[in-house]
Amino acid sequence: MAAAVLAAILFLYACMALGGCRKAEEAPETRQEETGDRLQIGLSFESYVIERWIRERDVFVSTAKELGADVNVQNANGDVQEQIAQIEYFIKKQMDVIAVVAGDCDALSDVMKKAKDAGIKTVSYDRLINNSDCDLYISFNNELVGRLMAECFLEYAPDGGDIFMIQGPKTDGNVHQIRKGFDDVLKGSRLNVVYEANCEGWLAEHAFTYVKEGLARHRDIVGVMCGNDDLATQAFRALSEERLAGKVILTGQDGDLMACQRIMEGTQNMTAFKSVEEEARLAAEYAVMLGRGEELTGITKTINDGTYDVPYRELLPVAVTKENMDDVIIKGGFHAKEDVYLNVKK
């Protein structure tokens with residue numbers, strides 16, 4: 001009898017443990033537990049493929065926490081339908097604010113409108129979600145990013161020549177803005193885009209393949225414009241295999257450590273640096289303001305999302321080269337000097 005009772009107790013504990021595991025597996029990712037009456041913010045990232053997003057996630061969460069808000073962070077891992085489901089989850093949980101780094105700036109329009117119709121404040125974080133009437137768009141001037149890259153090409157190739165454009169996905173609205181700025185500056189110059197490609201999901205390994213493919217068609221080029229520094233890293237690999245690294249212009253954006261190292265080594269010319277920590281901090285501060293019904297400060301512009309004029313907090317990128325690396329990146333605390341100069345001979 002005692003053995004039967006013991007067996008029953010063990011079976012009960014096993015069921016409870018199994019149920020607990022199943023519940024944990026089904027629970028969404030979260031960076032901060034929801035507690036009491038604190039302001040609740042849902043933050044959805046398309047993916048963490050790009051280096052900067054991990055850094056921004058942590059700054060956003062810590063800033064919001066300091067201001068008295070809890071943040072539920074979701075990562076869609078590059079799956080658009082998963083990101084829609086995450087936003088639906090936030091709506092169901094009745095979040096006060098939903099901030100989204102969109103994977104597809106068109107596909108999320110309806111679900112973001114649904115959130116707004118439910119009385120939830122919405123933020124397009126870094127990428128403008130089209131036709132969604134968000135309460136705020138915060139990002140860098142992406143046309144200026146393109147202009148800075150193009151100006152670099154004009155400086156290093158004043159006589160013109162053929163260039164490649166290795167860009168991010170067409171579903172990212174920032175990609176089109178960057179392209180516009182790039183084209184505007186090069187208009188009338190003797191620089192010609194002879195090969196271009198878009199890397200779906202910002203997957204950097206595609207850039208290696210595309211550069212190799214481009215070089216098989218057009219060997220005599222003066223440079224490669226890359227949509228960000230991750231893509232530039234793979235473009236650099238391809239150029240190195242063809243013994244062209246350091247002989248042609250290479251540009252990117254974001255100020256990634258490897259890009260900064262290449263700039264100091266002489267194999268990348270510039271990166272359009274964006275103070276992403278500032279963007280994350282401001283995004284969190286604005287999210288808290290929206291959740292509390294406070295007036296947004298420092299907003300002087302709007303941007304049209306295709307249907308609506310959305311309040312726009314514009315931040316400005318900086319072209320970082322070998323000449324201003326110390327002032328912008330190192331003194332600014334973005335990367336340590338010993339890391340940036342790691343491969344530079346003393």
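Two strands pair if DSSP finds at least two bridges between them. Keep that cut-off at hand for these exercises on a predicted model.

**Exercise 1. Which residue stands opposite Phe140 in strand 12, and in what sense do strand 5 and strand 12 run?**

Step 1: Look up the partner. Phe140 stands opposite Leu315 in strand 12.

Step 2: Count the bridges. Strand 5 (residues 136-140) and strand 12 (residues 309-315) are joined by 4 bridges and run parallel. The pairing cut-off is at least two bridges, and here there are 4.

Step 3: An open sheet of 7 strands has the order 2-1-3-4-5-12-11, with mixed pairing. Strand 2 (69-75) and strand 11 (301-304) each have a single partner strand, so one side of each lacks a neighbour in the sheet. From one strand to the next, the twist averages 25°.

**Exercise 2. Describe which helices pack against this sheet.**

Step 1: Start with helix 4 (residues 109-117). This helix lies across strand 3 (97-101) and strand 4 (121-125), and runs at about 145° to strand 4.

Step 2: Go on to helix 10. Its contacts are with strand 1 (39-45), strand 2, strand 3, strand 4, strand 5 and strand 12, and its direction makes about 170° with that of strand 5.

**Exercise 3. At what angle do helix 2 and helix 10 pack, and which residues meet?**

Step 1: Take the geometry. Helix 2 (residues 52-66) and helix 10 (residues 276-291) pack at about 35°, their axes being 8 Å apart. The crossing is right-handed.

Step 2: List some of the contact. On the helix 2 side the residues include Arg52, Val59 and Phe60, and on the helix 10 side they include Val276, Ala280 and Ala287. By class, the contact has 8 nonpolar, 1 polar and 7 charged residues.

Step 3: Follow Phe60. Beyond its close sequence neighbours (up to four places away), Phe60 touches residues including Ile41, Leu43, Ala280, Ala283, Ala284 and Ala287.

Step 4: Widen the view to the core. Ile41, Phe60 and Val224 touch the most other members of the largest nonpolar core, which has 55 residues. Helix 10 gives the most to this core, with 9 residues. Another core, of 21 residues, lies apart from it and includes Met95 and Val310.

**Exercise 4. Which way do the side chains of strand 10 point, and what pairs with this strand?**

Step 1: Find the partner. Strand 9 (residues 249-253) and strand 10 (residues 270-273) pair in the parallel sense over 3 bridges. Opposite Met270 stands Thr251, and Ala272 is the bridge partner of Gln253.

Conventions: Residues numbered from 1 in each chain as written. Predicted model: local features only at pLDDT ≥ 70, side-chain atom pairs only at ≥ 80, totals over all residues. Heavy atoms only, no water. Helix = DSSP H or I, 4+ residues; strand = E, 2+ residues; numbered from the N terminus. Axes fitted to C-alpha atoms, helices over the stretch in contact; angles between N-to-C directions. Left-handed = near helix turned anticlockwise from the far one by under 90°. Contact = heavy atoms within 4.5 Å. Nonpolar A, V, L, I, M, F, W, Y, C, P; charged D, E, K, R; others polar. Core = buried A, V, L, I, M, F, W, Y, C linked by side-chain atoms within 4.5 Å. Buried < 20%, exposed > 50% of the residue type's maximum accessible area, 1.4 Å probe, protein only.
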